Amino acid sequence: EESLVAVFWMDAKGHGLRANRATTQLLGYSNKELIDLDLSQVHQDLAEPQWGRLCELVESQGPQQLHVQLRHRDGHEIPVFVFITCLQYEGKNIYVGFASDESSQVTAERARRNSELLSRAAIGALSSRIAIIDRKGQMLATNRAWNSSITGAGEKPHAAVGNNYLDLLDRSHHAAANTIRTGLLSVIDGR
């Protein structure tokens, strides 16, 4: 009852049998209300036919892990990770789910993606030729100006991505190639 993880017990028809305090806090319902609810009221994609298929999967293949959206009492959706298993109790299958709220992870991932998109857009908009390389010199990304200079030389856009820029500098006949390589190695080594 004192678990920080939401734990709920359901029957084969998707009706609640029991829920712990963490489940009631997560979904905003009392334990009695959760027991009276149909599963589809908190997860519309798990109405009785889909719930039955999931139960069969758990019975035949063992516990299942799901990333789903559960509906809180006030209507907002909560991203959760659910681990569901099947137990025998008094000759009946009881399905036990363990759920953890993923809201903070989803928010952090969305912020990371947005930051990455903004960075790519900013780098892409610069007029200077820019290539992003890893610590070994592998080219991970290039901007529009870089791609335009390559396209003008008859190469495909993004043709440089995947190549090792340090190796390209080693083979280059450009007068500043060695200076550029030395400078890049200094930056990579943190000098």
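Select Val80 to begin. With a relative accessible area of 1%, Val80 is buried, because buried means under 20%. Keep in mind that you are viewing a predicted model. Val80 belongs to strand β4.

Now show what surrounds Val80. Setting aside neighbours within four places in sequence, its contacts include Leu26. They also include Leu66, His67, Val68 and Leu70. Ser100, Asp101 and Glu102 complete the list.

Asn143 and Val80 are 63 residues apart along the chain. Draw a distance between their C-alpha atoms: the separation is 37 Å.

Follow β4 onward. This strand covers residues 77-89, and β5 covers 92-101. Select Glu90, in the loop between these two strands. Is Glu90 buried or exposed? Glu90 is exposed, because its relative accessible area is 70%, and the exposed class begins over 50%.

Stay on Glu90 and check its backbone. What is its phi? The angle is positive, about 50 degrees, and Glu90 is not a glycine. Most residues other than glycine have a negative phi.

Move on to Gln64. Gln64 sits in strand β3, which spans residues 64-71. Gln64 counts as buried because its relative accessibility is 17%, and the cut-off is under 20%.

Show the side chain of Gln64. Which backbone oxygen does this side chain reach? That of Gly62, at 3.0 Å. Then display the contacts of Gln64, again leaving out neighbours within four places in sequence. Leu54, Leu57 and Val58 are among them.

Now zoom out to the whole protein chain. Colour by secondary structure to find 7 helices and 7 strands. Trace the chain along the sequence and the order reads β-β-α-α-α-β-β-β-α-β-β-α-α-α.

Turn the model to view its overall dimensions. The C-alpha atoms fill a box of roughly 80 × 35 × 35 Å along the principal axes. The radius of gyration is 27 Å, whereas a compact globule of 191 residues would have one near 16 Å.

Of the 191 residues, 30% are buried.

Colour by charge for the next stop. There are 20 positive and 22 negative charges, and their mean positions lie 10 Å apart.

Finish with the contacts across the chain. Take those between residues at least 6 apart in sequence: 34% join residues at least 24 apart.

Technical notes:
Residues are numbered from 1 along each chain as its sequence is written. Side-chain values use heavy atoms; hydrogens and water are left out. Helices (H or I, at least four residues) and strands (E, at least two) are DSSP runs, numbered from the N terminus. The radius of gyration is taken over C-alpha atoms; the globule rule is 2.2 Å times the number of residues to the power 0.38. Buried means under 20% relative accessible area, exposed over 50%, partly exposed in between (1.4 Å probe, protein chains only). Contact means heavy atoms within 4.5 Å. Lys and Arg count as positive and Asp and Glu as negative; His and the chain ends are not counted. The place of a charge is taken as NZ of Lys, CZ of Arg, CG of Asp or CD of Glu. A polar contact is a pair of N or O atoms within 3.5 Å; within protein, one must be able to donate a hydrogen and the other to accept it, and residues adjacent in sequence count only if both atoms are side-chain atoms.
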